[in-house]
Amino acid sequence: MAEARVLIVDDEPAMLENCCRLLSREGYVCDTLSEPLDFRDRLAGTQPDVVLLDLRMPEVDGMTLLTVALADDPTLPIIIMTAYATVSSAVQAIREGAFDYLTKPFKGEELLVAVERATRHRELAKENRALRERLARGTGGEDLVGSSPAMIRLMNRIEKVALAPANVLITGESGTGKELIARTIHELSERKECPFVPVDCAALPEGLLESELFGHERGAFTSADARKIGLLEDGNHGTVFLDEVADLSQPLQSKLLRVLEERKVRRVGGNELIEVDIRVIAATNQELERAVADGRFREDLYYRLNVVPIQVPPLRDRAGDIALLAQTFLARFSAAQAKEAPRISPDVWDLLERYDWPGNVRELKNLVERLVVLDEDGLVSLAHLPESLRPPVRLSRPPAVTAAESYEEAREAALRAFKADYVAQLLDATDGNVSKAARQAGVSRRTFHRWLAGLGKAGGGKP
C-alpha cells in the first residue's frame, strides 16, 4: 500500500520516536499520540491504515481504545504493544478484535513484519470491498471474494464475457467455484431475468440424463406416464450450466452438438423439433483437449463449447485471498447461527496461508463452518484445527555431551538438550498448541516462540 499511514499511541516519548523512526525508513507515514484521551479525534483526523496501541497507559488503557476504534471501523488492523504481556492479555486483545500484539521490548524486525502484515490486510480489505461492489449486481457476484492478481484477472474476464452471447467453457480444479462463476456470468448478462438451469452431467446415468436434458413424450419408455419438459427447454431464453461436461457419453455429446447447431430440441420418443434460445456455460475439472485427442470427447462439440475459455485459479495460487475468504465465511456462518464470529489467532492465520488447500475454496468454506459450529470461547487456535492442517513440530536435538568439551560447553549442551526435551513434551501434551504450552511453562507466547526458534523448529506440513 503506497504511503500507508500508521498511528502510534503510547505514553512513552522514546517509544513513539523509535517506532516512528523505524517505520518512516520503510516509507510509512507516521502520526504519534501520547495523550490517549485525544485518541478518537486523532483517529478521525488521520484515518490511519494501521494503529500501534500501547496496552497500559495512564487515564485510559489500550483495551478501551481498541473497542472505540473498532466501533468506528471494524476492519482497522490494530497492533497491541505491551511490556506486561501474558498469554491471557494477548488472547483477550485478539478476542476483542486486535490484529496482532508485540511484546516490549521488541526488535525492529518484529515491528516491521507486524505492520507489513497489517498493512497488507488493510489493502486487501479495501480492494476486495471495491471489487465486490463492482460484481455484486447479481446474486452470485457477492460471493466472489478476492483481490489477488489472479482473482482480479478472473473478475475482469467475467465482466467482459457476461455481456457477450457466446458459449463459455470454465475449467479448473474441483472446489474452485466454477458453478458460482457461471451463475455470476448469468446474473451480469442480458439473460438475468430468465432461468439459470444447472445440470450435473456426472450425477445421473446416461438413460436418465438424456430424459432430464431433452425431456420425453408420454410412452417413450416403460415409466414415461406423462410428457416431461427437459432442462434445455426449461432454460429457454436463459442460461444452461453443464457441470462436468466431460462425463457426457458419446451419444449424448452428439445430441447436444445438434442442439447447439440447430437451436432445436427433440424430446425422447418425439418427432417435433422445439426451438430453444439458450446460452450454454460448460465446466469441467478434466483436460478436454486430452479427452479430444484420446477420442473420448467430440472435437466439434469441444469447439462449440469453448468459444470463450475461463481458467479458474486454484486457491494456492491466490496469494492473500485466503484471509478475505475466511473472514467472509466467518461472518456468514456466524450470522446464520446468531452468534458472534470467533477471532482467529495469528499463528492460525499463518498456517492457513501456508496450507496447500487441495480442496480449494470448498475445503476452506467447510473448515470455517466447522470452526463456527464448534466454537466455545470466541477464539480459534491451532488446537481447533483438524490434524490434516496441523503440522507436527520437530525440534533438532543437540548432540550428546563429550569429554572433549569444556565444563561450560558441556553444561550449555546439557541445558539445551533438557530444553529441547521439555519443549517437545509440552507440545506433545498440548497437541501443538503454542499458547497452551507457553501457559503451562509459565512464559509468554513470544518467549516460547523464541525457544522454538533457538531449538530449530521444523514444520512438517506443507510450506
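Asn360 is placed in helix H15 (residues 360-374). Helices (H or I, at least four residues) and strands (E, at least two) are DSSP runs, numbered from the N terminus. The structure is a predicted model, in which local features need pLDDT of at least 70, side-chain atom pairs count only at pLDDT 80 or more, and totals for chains, interfaces and linings use all residues. Residues are numbered from 1 along each chain as its sequence is written, and side-chain values use heavy atoms, with hydrogens and water left out.

Asn360 has a positive phi, near 60°, and is not a glycine. Asn360 counts as buried, at 0% relative accessibility. Buried means under 20% relative accessible area, exposed over 50%, and partly exposed in between (1.4 Å probe, protein chains only). His237 also has a positive phi, near 70°. His237 sits in the loop between helix H9 (231-234) and E10. At 44% relative accessibility, His237 is partly exposed. Most residues other than glycine have a negative phi, and most peptide bonds are trans. The bond from Lys104 to Pro105 is cis, with omega near -5°. Pro105 lies in the loop between strand E5 (100-103) and helix H5 (108-135).

An open sheet is built from five strands in the order E7-E10-E13-E6-E14, with parallel pairing. Strands E7 (196-200) and E14 (308-311) each have a single partner strand, so one side of each lacks a neighbour in the sheet. Two strands pair if DSSP finds at least two bridges between them. Strand E6 (residues 168-171) pairs with strand E13 (residues 279-284) in the parallel sense, over four bridges. Leu169 stands opposite Ala282 in E13.

Four aromatic pairs are present. Rings of Phe, Tyr and Trp (its six-membered ring) pair if their centres lie within 6.5 Å; planes under 30 degrees apart count as stacked, over 60 as edge-to-face and the rest as tilted. Phe196 and Phe241 are stacked, at 6.2 Å centre to centre and 20° between the planes. Phe196 belongs to strand E7 and Phe241 to strand E10 (residues 239-243), so the pair ties together parts 45 residues apart in sequence. Phe196 is buried at 15% relative accessible area. Phe241 is buried at 1% relative accessibility. Tyr355 and Trp357 form an edge-to-face pair, 4.6 Å centre to centre with 85° between the planes. Both Tyr355 and Trp357 are buried.

In helix H8 (residues 206-214), the buried residues include Leu209, Leu213 and Phe214.
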